Amino acid sequence: MKYQLIMPSSIDHLRNAIIDKLMAISNKDYLVALNKLMESEVAQSKIDKEELPEHVVEGIKRGQADYEAGRYVTLEAFEKKLLSK
């Protein structure tokens, strides 16, 4: 079976085209490898969408406020102070 290059107009069309191609694959090793790849992508997507704990978000906000208020030390100034001790 030959496949044509499909230029999907939406994500649904692309997904359906991939499913159609998967249905024609009978090589078990290929399917096992593809399944592992897809499982790792799904796991990564879940990690990417996890929200930060509230205490972390608050710490980031405090750090941003300190920076905007000028309460920070440059790396060069920190290194100079550290080396002078």
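The report below takes up these topics in turn.

The model is predicted, so that local features need pLDDT of at least 70 and side-chain atom pairs count only at pLDDT 80 or more, while totals for chains, interfaces and linings use all residues. Residues are numbered from 1 along each chain as its sequence is written, and side-chain values use heavy atoms, with hydrogens and water left out.

**Overall make-up**

The secondary structure of the chain comes to four helices and zero strands, where helices (H or I, at least four residues) and strands (E, at least two) are DSSP runs numbered from the N terminus. From the N terminus on, the order of these elements is α-α-α-α. Of the 85 residues in the chain, 1% count as buried; on this scale buried means under 20% relative accessible area, exposed over 50%, and partly exposed in between, with a 1.4 Å probe and protein chains only. The accessible surface of the chain comes to about 8400 Å², and 59% of that surface belongs to carbon and sulfur atoms. Accessible areas come from the Shrake-Rupley method with a 1.4 Å probe, and for residues only the protein chains shown count as cover.

**Salt bridges**

Side chains of opposite charge can pair when their charged atoms come close. A search of the whole structure finds three salt bridges, each defined as a side-chain nitrogen of Lys or Arg within 4 Å of a carboxyl oxygen of Asp or Glu.

| Asp 12 | Arg 15 | 3.0 Å |

Asp 12 is partly exposed at 44% relative accessibility, and Arg 15 is partly exposed with a relative accessible area of 44%. Glu 58 and Lys 61 likewise lie three residues apart, about one turn of the helix, but in α3; Lys 61 is partly exposed at 45%, and Glu 58 is partly exposed at 32%. In the remaining pair, Asp 66 is partly exposed, with a relative accessible area of 30%, whereas Arg 71 is exposed, at 53%.

**The largest pocket**

About 190 Å³ of space lies in the largest pocket. A pocket is an open set of points on a 1 Å grid over the protein atoms alone, where a 1.4 Å probe fits, with protein on both sides within 12 Å along at least five of seven lines, and lining residues have an atom within 4 Å of a point. The lining consists of Ile 11, Leu 14, Arg 15, Ile 18, Ile 19, Leu 22 and Met 38, and α1 gives the most to it, with six residues. By class, the lining has six nonpolar, no polar and one charged residues. Arg 15, which lines this pocket, also forms the salt bridge with Asp 12.

**A nonpolar surface patch**

Val 73, Leu 75, Phe 78 and Leu 82 make a nonpolar surface patch of about 430 Å². Patches are made of residues with over 30% relative accessible area and no salt bridge, with like charges joined within 9 Å and nonpolar side chains (Val, Leu, Ile, Met, Phe, Trp, Tyr) within 5 Å. Val 73 is placed in the loop between α3 (54–68) and α4 (75–83), and is exposed, with a relative accessible area of 60%.

Technical notes:
Grid points are joined across faces, edges and corners, and a volume is the space filled by probe spheres set on the points. Ala, Val, Leu, Ile, Met, Phe, Trp, Tyr, Cys and Pro count as nonpolar, Asp, Glu, Lys and Arg as charged, and the others, Gly among them, as polar.
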